[in-house]
Amino acid sequence: YCRKIITKDILIKREMMNYTTATRVVFRPTRRLTHPHHHHRYHIWQQHHHHLVHNTGLLQYYFLRRLSTVNNEDDGNNTTKPLAGIRVLDLSRVLAGPWCTQLFGDLGAEVIKIEHPEKGDDTRHWGPPFYMDNDQKQSAYYSCTNRNKKSVALDISSSSGQDALRKIAAKSDVVIENFKVGALEKYGLSFNHIKEINPRIVYCSITGFGQEGPMKDLPGYDFAIQAMGGLMSITGNKEEPYKCGVAIVDLMTGLYSSSAILSALYHRNIRPSSPAQFIDI
């Protein structure tokens with residue numbers, strides 16, 4: 001019964017949301033799905049990534065969408081989506097921040113993702129799994145967290161890169177970043193700098209331990225927060241703690257960030273005279 005529901009859900013989503021065939025299915029216990037369309041694909045994934053399947057006690061299915069669809073080609077001009085007209089300047093990388101901004105892109109916002117001019121986002125090189133797109137090897141991890149975005153390569157350590165970013169920020173509704181506390185001050189890209197050129201900006205900073213307090217300068221990683229918060233003792237036990245199979249802390253951080261940003265945008269909408277807003281996640 002469970003397999004039938006899973007397979008049906010996969011087919012419906014692929015049909016309605018126009019996903020490509022780059023599909024990853026994880027199911028525990030590690031057995032192939034019964035639907036003939038998925039036997040071969042799932043078998044290959046299980047064969048090459050058995051350790052991930054074994055360590056993941058969740059049902060997961062990810063549909064990897066080609067990055068050529070970042071311009072929201074689903075509905076042409078994209079004006080029918082609820083966040084059409086909202087521009088997001090995305091300075092975040094890896095998972096928590098990109099997960100948040102991906103949701104905004106899905107809802108119709110214009111998301112401009114800033115990446116390192118040479119290596120891009122860290123996750124462009126993370127794998128396996130990889131997949132081929134136009135004869136180029138792509139990271140499934142990166143594709144799963146950065147759909148519906150426009151990518152711009154900028155060196156924020158250069159004056160020209162900083163000037164370009166400030167021009168984008170001046171015409172944006174949201175800025176989101178996950179640098180260490182105070183790291184953007186020296187580039188003139190902190191909240192205090194941006195609010196001077198855009199008095200109505202919603203600025204969201206994601207850090208490990210917040211902007212204040214004795215731990216504010218420490219970096220924050222998903223598995224570290226799982227350990228400190230006691231989540232590993234629930235997944236495993238006191239003697240053998242074990243992290244969750246997916247980066248649940250990063251994913252929840254992205255969800256909380258999107259909720260906070262949407263609340264700030266609503267506040268700005270109903271109070272036109274409201275000043276710039278800073279969100280500390």
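Reader: What does the accessible surface of the chain come to, and what share belongs to carbon and sulfur atoms?
Author: The model is predicted. In it, the accessible surface of the chain comes to about 15,500 Å². Carbon and sulfur atoms account for 55% of that.

Reader: And how many residues count as buried, as a percentage?
Author: 43% of the 281 residues in the chain.

Reader: How many helices and strands are there?
Author: The chain has 10 helices and 10 strands.

Reader: What order do the strands of the six-stranded sheet have?
Author: The order is S7-S4-S3-S8-S9-S10, in an open sheet with parallel pairing. Strand S7 (150-153) and strand S10 (277-280) are the edge strands, and each pairs on one side only. From one strand to the next, the twist averages 20°.

Reader: How many bridges join S4 to S7?
Author: Four, and the two strands run parallel. S4 covers residues 110-115. Ile114 stands opposite Val152 in S7.

Reader: Which strands does H10 touch?
Author: H10 packs on the sheet and touches strand S8 (174-177), strand S9 (202-205) and S10. The direction of H10 makes about 165° with that of S10.

Reader: New topic: where is Leu262 found?
Author: In helix H10, which covers residues 248-270.

Reader: Why does Leu262 count as partly exposed?
Author: Because its relative accessible area is 34%, and partly exposed lies between under 20% for buried and over 50% for exposed.

Reader: Which residues does Leu262 touch?
Author: Leu83 and Phe104, not counting residues up to four places away in sequence. As for Val202, Leu262 is 60 residues from it in sequence and 9.5 Å from it in space, C-alpha to C-alpha.

How values were computed:
Residues are numbered from 1 along each chain as its sequence is written. This is a predicted model: local features need pLDDT of at least 70, side-chain atom pairs count only at pLDDT 80 or more; totals for chains, interfaces and linings use all residues. Side-chain values use heavy atoms; hydrogens and water are left out. Buried means under 20% relative accessible area, exposed over 50%, partly exposed in between (1.4 Å probe, protein chains only). Accessible areas come from the Shrake-Rupley method with a 1.4 Å probe; for residues, only the protein chains shown count as cover. Contact means heavy atoms within 4.5 Å. Two strands pair if DSSP finds at least two bridges between them. Axes are lines fitted to C-alpha atoms, for helices over the stretch in contact, and angles run from 0 to 180 degrees between N-to-C directions.
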